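Please read it alongside the sequence and the coordinates.

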Amino acid sequence: MTIISKNEEKSIAECLASVNWADEVIVVDSGSTDKTVEICKAYGAKVYITEDWPGFGEQKNRALNLATGKWVLSIDADEIVSPELREEILSAIHSTESNVAFRIPRKSSYCGQFIQHSGWWPDYVTRLFPKSNTRFSDDLVHERVLFDGKIKSMKHPLIHASYLNLEEVLDKINRYSTDGAAMLLAQKQTSSLSNALLHGVWAFIRTYFIRRGFLDGRMGFILAISNAETTYYRYLKLALQSK
């Protein structure tokens, strides 16, 4: 299995403990300054450190290229494989042909609350696949699995502690909006202040009303605001870069 990391000491131990049944654990770290690498080595992971950050897609491809098994499970450092999902995964890889990959529902928490609506559930992500004919897209953020074959769905979810607190929310708003703007700029897209405002308002409407974020209570509203801010700053940064 593969993981990419940077400064994940708060969550990486629980992640690694949940996959101690894997034949090998590959961690590609992009220069952690906390105890992430030390923790990974303590759990027996094979750790590789890179000096640059090429984006999520390319970094995950680096990890994928280092894996030696026929099947690869790719998870994030803030995700946990439950015992039920573990059994489902082991059953799948021992009884499935190599032209099938699996998407897994993801149950995500936001500042301590699991989100049931807002577009966050079931949030299927393709994470279990045969190595031979799979790679990740080269996107800086929101990378996709590129797989030439059938994709089936699993029943039990990954547990995802996506945002531990509001400090993380603010940090990721900045980082994700910067990466998103760079992706749009590479695609020759342009923006303006009014365009950024419209995209931000639409992101709030989509999250809170269309995807029924209001059913997630107070955190649903906060999440809708943070989605709007991420989108607004993405297009605002694009507008300033594409002048």
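In this predicted model, three strands form an open sheet in the order E1-E2-E3, and their pairing is parallel. The strands at the edges are E1, covering 2–5, and E3, covering 46–49, each of which pairs on one side only. From one strand to the next, the twist averages 20°.

**Sheet and packing helix**

- Strand E2, made up of residues 26–29, pairs with E1 in the parallel sense, and the pairing runs over 4 bridges.
- Within this part of the sheet, isoleucine 4 has valine 28 of E2 as its bridge partner.
- Helix H3, which spans residues 56–66, packs on the sheet and touches E1, E2 and E3, while its direction makes an angle of about 145° with that of E2.

**Aromatic pairs**

- A pair of aromatic rings is described by two quantities, namely the distance of the centres and the angle of the planes.
- Searching the whole structure gives 14 aromatic pairs, one of which joins phenylalanine 56 to tyrosine 176 in an edge-to-face arrangement, with 6.3 Å from centre to centre and 75° between the planes.
- Because phenylalanine 56 belongs to helix H3 and tyrosine 176 to helix H5 (residues 166–186), this pair ties together parts that lie 120 residues apart in sequence.
- Phenylalanine 56 has a relative accessibility of 17%, and since the cut-off for buried is under 20%, phenylalanine 56 counts as buried.
- Elsewhere in the chain, ring pairs link Phe204, Tyr208, Phe209, Phe214 and Phe221, so that these residues are joined into a cluster.

**Charges over rings**

- The charged end of arginine 103 is placed over the ring of tyrosine 124, at 3.8 Å from the centre of that ring.
- Lysine 172 lies over the face of tyrosine 163, and here the distance from the ring centre is 4.7 Å.
- Is lysine 172 buried or exposed? With a relative accessibility of 11%, lysine 172 counts as buried, because this value falls under the 20% cut-off.
- When residues up to four places away in sequence are not counted, the residues touched by lysine 172 are Asp78, Ser162, Tyr163 and Ser177.

Definitions and conventions. Residues numbered from 1 in each chain as written. Predicted model: local features only at pLDDT ≥ 70, side-chain atom pairs only at ≥ 80, totals over all residues. Heavy atoms only, no water. Pairing = 2+ DSSP bridges. Helix = DSSP H or I, 4+ residues; strand = E, 2+ residues; numbered from the N terminus. Axes fitted to C-alpha atoms, helices over the stretch in contact; angles between N-to-C directions. Contact = heavy atoms within 4.5 Å. Phe/Tyr/Trp six-rings, centres within 6.5 Å; stacked < 30°, edge-to-face > 60°. Buried < 20%, exposed > 50% of the residue type's maximum accessible area, 1.4 Å probe, protein only. Lys NZ or Arg CZ within 6 Å of the ring centre and 35° of its normal.
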